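Hi,

Here is the structure I said I would pass on.

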Amino acid sequence: MNDVCPTGIIGLDEFLNGGIPRGNIVLVAGTPGAGKTTMAAKFLYEGLRRGEPGVYLSFLESKADFLRFMKLLGMDFEPYLRDGTFQYIEGLQSTTFEAARENLIEFLDAVARLGAKRVVIDSITAVTQMTTLRGARELIKNALVLGLRPYEVTGLIVAELPIGYEVVGYGLEEFIFDGVIILKSEFKNGILRRTLQVRKMRGTVVPEVELHYDIVAGDGIRVYAPVRIEEVGEPKNVETITPLEPINYIFRNLRRGSQVLLVVDKYVPSLAVGVLIGLSFAYSSGGKLLIRSFSKPPDIVKYVIDLISNAFPKSKLANAEIIIECLNPTQEPLYRLAHRARDNELRIRPDYLVIDPVSHLLKLSGGLHEFYRDHINNILMRRKLGITTFYAYADTEASELEPPVELYDVVARIRRKWGKNRRCYSVEAYGILKPVPPAPLTFCVDPEWRLVTEEE
Ligand SMILES: Nc1ncnc2c1ncn2[C@@H]1O[C@H](COP(=O)(O)OP(=O)(O)O)[C@@H](O)[C@H]1O
Ligand SMILES: [Mg+2]
């Protein structure tokens with residue numbers, strides 16, 4: 001597509017149907033530390049990478065600081081300074097409106113000289129504070145938006161948004177700018193939340209929802225757009241039969257990309273059950289298995305994997321790649337954890353994924369709404385990528401929460417079976433993507449997790 005200007009910001013481009021429509025002058029308003037500079041820099045950097053010259057006018061940061069900070073975030077502007085496709089104009093010394101005007105003239109000259117395709121002014125607030133509201137409006141309208149039009153550039157104009165405010169305050173952003181993006185970074189319930197709103201974007205239709213985003217080394221800004229459900233294909237291929245007979249029986253005809261909830265009763269080791277099922281699939285197809293634990297450290301997960309691997313008849317096994325990922329869900333906001341999980345899966349692209357336990361997340365979330373929003377999107381993404389996922393859910397009597405069964409394709413309930421042999425489990429599975437087995441099935445394991453026949 002030629003008529004859009006990709007920002008290079010993962011998530012934002014998909015959300016904007018490819019990028020910012022070419023020729024748009026967009027206001028980026030945000031609270032202090034929200035990532036306005038990072039976003040603007042990323043936008044310009046993406047242009048440079050694509051051979052589109054760019055000019056950055058900053059009233060806030062020296063060139064040296066800018067280059068250094070952006071390098072830390074994964075953007076090296078220096079080659080483009082050297083080859084002359086990038087120019088950074090410092091306006092830090094300008095303490096009067098007249099001096100700032102000089103900077104703007106220098107800026108427009110540079111735009112013409114470089115044949116710039118993308119431009120940034122960071123921030124306009126530094127200049128408008130030196131004048132009256134009327135002066136500010138004049139400047140924005142005439143010098144910036146109308147002044148930039150003849151150059152046919154796409155531009156981001158940064159403005160400060162005081163914490164708690166909803167509007168920038170010039171009273172003309174709605175009609176003079178072609179687009180308005182609001183970035184907010186605010187503490188709510190003791191957790192820093194970064195939210196992005198596209199209030200307006202001429203030339204494209206965007207979903208009317210607020211997005212979360214993060215600032216990450218390497219990517220700069222990462223926006224989490226909802227998965228477009230129409231792009232999620234139906235799971236077609238039936239999974240490879242597993243080498244373990246009882247598991248085979250329970251999960252026969254499971255389709256690739258299925259999302260399976262494993263509701264485990266009290267006193268059933270959810271990690272072991274998840275690992276057993278995950279390994280069954282990985283060892284039969286030779287796929288990539290990601291085991292993510294929200295409660296156990298890597299050494300324990302590794303121990304369980306080694307123990308259970310012994311249960312498989314070695315001769316028939318394909319080579320599986322097993323990746324362990326342990327995350328402490330109290331270490332960061334839950335939405336960020338969900339994003340991290342999503343990013344890691346996009347990078348690793350596992351065939352199978354075991355998550356132990358998902359019940360933790362529901363209990364830790366600020367509410368069902370918060371849990372569902374991210375969880376639904378992660379489930380959709382896994383369906384889209386065809387990652388067959390098993391979610392262990394510890395169903396304890398003490399909990400008033402019900403497992404969110406409606407989100408999954410298959411639900412298996414694993415109960416402890418009491419009797420002489422105390423390591424027997426009964427499994428009952430039902431779901432829309434697999435035929436319902438006639439009755440619950442019992443499997444038993446010895447202390448080494450080798451499957452043994454049930455003793456009466
Ligand atoms: N290397 C980094 N890794 C992750 N986050 C970073 C890094 N560097 C800066 N940040 C985050 O980026 C924020 C600053 O972004 P910036 O674009 O300068 O904000 P603004 O221009 O809106 O004030 C800081 O609050 C910090 O949390
Ligand atoms: Mg800034």
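Gly-30 sits opposite Glu-160 of β7. The two strands involved, β3 (residues 25–30) and β7 (residues 154–160), pair in parallel over six bridges. Strands here are DSSP runs of E with at least two residues, helices are runs of H or I with at least four, and both are numbered from the N terminus; two strands count as paired if DSSP finds at least two bridges between them.

Before going on: this is a predicted model, where local features need pLDDT of at least 70 and side-chain atom pairs count only at pLDDT 80 or more, while totals for chains, interfaces and linings use all residues. Residues are numbered from 1 along each chain as its sequence is written, chains are lettered from A and ligands numbered from 1 in the order in which they are written, and side-chain values use heavy atoms, with hydrogens and water left out.

Back to that sheet. It is open and mixed, with nine strands in the order β5-β4-β6-β7-β3-β8-β9-β10-β11. At the edges are β5 (86–90) and β11 (220–224), each with a single partner strand, so one side of each has no neighbour in the sheet.

Then there's ligand 1. Around it (heavy atoms within 4 Å) you'll find Thr-31, Pro-32, Gly-33, Ala-34, Gly-35, Lys-36, Thr-37, Thr-38, Leu-73, Arg-194, Ile-215 and Ala-217. Helix α2 (residues 36–49) gives the most to this shell, with three residues. Oxygen atoms of the ligand make polar contacts (pairs of N or O atoms within 3.5 Å) with the backbone: 2.9 Å to Gly-33, 3.2 Å to Ala-34 and 2.9 Å to Gly-35. Taken alone, ligand 1 exposes 580 Å², and the protein buries 61% of that (Shrake-Rupley areas with a 1.4 Å probe).

There is also an open, mixed sheet of nine strands in the order β14-β13-β15-β16-β12-β17-β18-β19-β20. Its edge strands are β14 (321–326) and β20 (451–452), each pairing on one side only. Helix α10 (residues 270–285) packs on this sheet, touching β12, β13, β14, β15, β16, β17 and β19, and its direction makes about 175° with that of β15. Contact means heavy atoms within 4.5 Å; axes are lines fitted to C-alpha atoms, for helices over the stretch in contact, with angles from 0 to 180 degrees between N-to-C directions. Helix α14 (residues 368–385) lies across β12, β13, β15 and β16, at about 145° to β16. Finally, β18 (residues 424–431) and β19 (residues 441–445) pair antiparallel over four bridges, and Tyr-425 has Phe-443 in β19 as its bridge partner.

Cheers

Key:
Polar contact = N/O pair within 3.5 Å; in protein donor to acceptor, adjacent residues only side chain to side chain.
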